[in-house]
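Here is my notebook for this one, friend. I went through the model piece by piece and jotted down what I looked up.

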Amino acid sequence: MNQAAVKRHYFLRSLILIGFTLLLAQLVATDRLNHYLAPRLHVFSYVTLAILILLTLVSLRQAYLGVNAYECDCEDAHKLPRTWWRSALVYGMFALPLVMGFLMPDQILGSDVAEKRGITLLSNDVRKLAEVTGSGNTAAKSETVAPPADWEPQSKAQLPENKETSQAPSSVEETPVKLPKLTDEQIRQKFTNTGFGDFYTDLAVALYKQPIIQLNDKVFLDGLTTMELYAKDFAGKEIETFGFVYRQPDFTSQQFVVARFSVTCCTADASVFGVLVEDGQASKWAKDSWVKVRGKLEARSVDGYDMLVLRASKVEQAKAPKDPYVYYNYDLPESNG
């Protein structure tokens, strides 16, 4: 193959490398990397970006200077394609994902994915802790409103069926009852000697001290786990949380789940977690719309276990967050109580 043809191939390779470099750089610069990777893996993307820049420089050098012999011991294993159709096939396999990456919009995971994967109202961590400690205050089973007959029960979480919600009032009006304020030591006594570990005890105390528990992005998963561990103790507490609306076909018109996707490594392993909400005007909220919900937690007995349901007092529309996913944090929130 003559030098002109070799240079053309290396120019094409350089263009492809430049494309991948720019695509990754764009994802990093615009914080859109969160749509694909968990933050703890971002450092690997930065390393990949540096390697792509080096490979691009090497390829450009070869494109301008040309090569007289292969610079590795692979002999003909890395030989350049010699026909136009083979070149189109080889370089097209790299060009296609580049075009898709630049032209296709980012898609946030939503209800369609949640329906296929099933939604968890009780995290796996709670199930494991319940099995180890044998605590009767946690739900060691999946709890959900009964799924349709064509669902596969082994892969779908189930929500508790509530027969009372069809007659639920349009709004929650309760006479406020003033309870004596507990000291920090009295609060801690509620959560000690349960066998769940110091982290969950400390987090339970920190959450319980808040006049209105803020189940925000930072504490969503850890807080949800903690409140399910101590369901009876958190019953009656007021919380505020934020997420997208998820609704199963057999929900009543007054039920929906305020849900979030949890990402461990990347969106391919995303799981759905949430809180079952009951509200007289729940049907006005379209699926996948983002809402902020405030209300009181109510304990329900499901298959002999306690589960928390959020009886909403206020639901308002919210804007989708820049990072739509939540992650385990294992840090205690600052107390505002």
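**Ground rules**

I am working with a predicted model, where local features need pLDDT of at least 70, side-chain atom pairs count only at pLDDT 80 or more, and totals for chains, interfaces and linings use all residues. Residues are numbered from 1 along each chain as its sequence is written, and side-chain values use heavy atoms, with hydrogens and water left out.

**Overall fold**

I counted the secondary structure and got nine helices and eight strands. Helices (H or I, at least four residues) and strands (E, at least two) are DSSP runs, numbered from the N terminus.

Next I checked burial: 43% of the 337 residues are buried. Buried here means under 20% relative accessible area, exposed means over 50%, and partly exposed is in between (1.4 Å probe, protein chains only).

How much of the contact count comes from residues 24 or more positions apart? They make up 71% of the contacts with a separation of 6 or more, a contact being heavy atoms within 4.5 Å.

**The loop between α1 and α2**

I started with Tyr-36, which sits in the loop between α1 (3-29) and α2 (42-65). Its relative accessible area is 35%, so I noted Tyr-36 as partly exposed. Beyond its neighbours within four places in sequence, Tyr-36 contacts Leu-27, Asp-106, Cys-265, Cys-266 and Thr-267.

Arg-32 belongs to the loop between α1 and α2. Is Arg-32 buried or exposed? Arg-32 is buried, because its relative accessible area is 18%. Leaving out residues up to four places away in sequence, Arg-32 touches Gln-26, Leu-27, Gly-101 and Asp-106. I wrote down that Asp-106 is on the contact list of Tyr-36 and on that of Arg-32.

Asp-31 lies in this loop between α1 and α2 too. Its phi is near 60 degrees, a positive value in a residue other than glycine. Most residues other than glycine have a negative phi. At 38% relative accessibility, Asp-31 is partly exposed.

I found a second case at Asp-288, with a positive phi near 75 degrees. Asp-288 is in the loop between β5 and β6 (290-302), and with 32% relative accessibility it counts as partly exposed.

**Helices**

I tested the length of α2: its 24 residues reach 35 Å from first C-alpha to last, close to the 34 Å expected at 1.5 Å a residue. The expected span is 1.5 Å times one less than the number of residues. Buried residues of α2 include His-42, Leu-49, Leu-52 and Ala-63, and α1 is part of what covers the buried residues of α2.

Helix α7 (residues 198-208) is mostly covered, with eight of its eleven residues buried. Among them are Tyr-200, Leu-203, Val-205 and Tyr-208.

Why did I note α8 (residues 220-229) as largely enclosed by the rest of the structure? Because ten of its ten residues are buried; Phe-220, Asp-222, Met-227 and Glu-228 are among them.

**Strands**

I followed the pairing next; two strands pair if DSSP finds at least two bridges between them. Strand β2 (residues 213-215) runs parallel to β3, joined by three bridges, with Leu-215 opposite Thr-241 in β3. In β3 (residues 238-246), eight of nine residues are buried.

Three bridges also join β3 to β4, this time antiparallel, and Tyr-246 stands opposite Val-257 in β4. β4 (residues 255-262) pairs with β5 over eight bridges in the antiparallel sense, where Val-257 faces Leu-276 in β5. Seven of the eight residues of β5 are buried.

**Cavity search**

My search of the whole structure gave one cavity of 30 Å³ or more. A cavity is a set of points on a 1 Å grid over the protein atoms alone where a 1.4 Å probe fits but cannot get out, and lining residues have an atom within 4 Å of a point.

The largest cavity has a volume of about 80 Å³, a volume being the space filled by probe spheres set on grid points joined across faces, edges and corners. Twelve residues line the largest cavity, and Leu-224, Glu-228, Val-275, Leu-297 and Leu-308 lie nearest its centre. α8, β5 (271-278) and β7 (305-317) each give two or more residues to that lining.

Terms used:
On a 1 Å grid over the protein atoms alone, a cavity is a set of points where a 1.4 Å probe fits but cannot get out, and a pocket is an open set with protein on both sides within 12 Å along at least five of seven lines; lining residues have an atom within 4 Å of a point.
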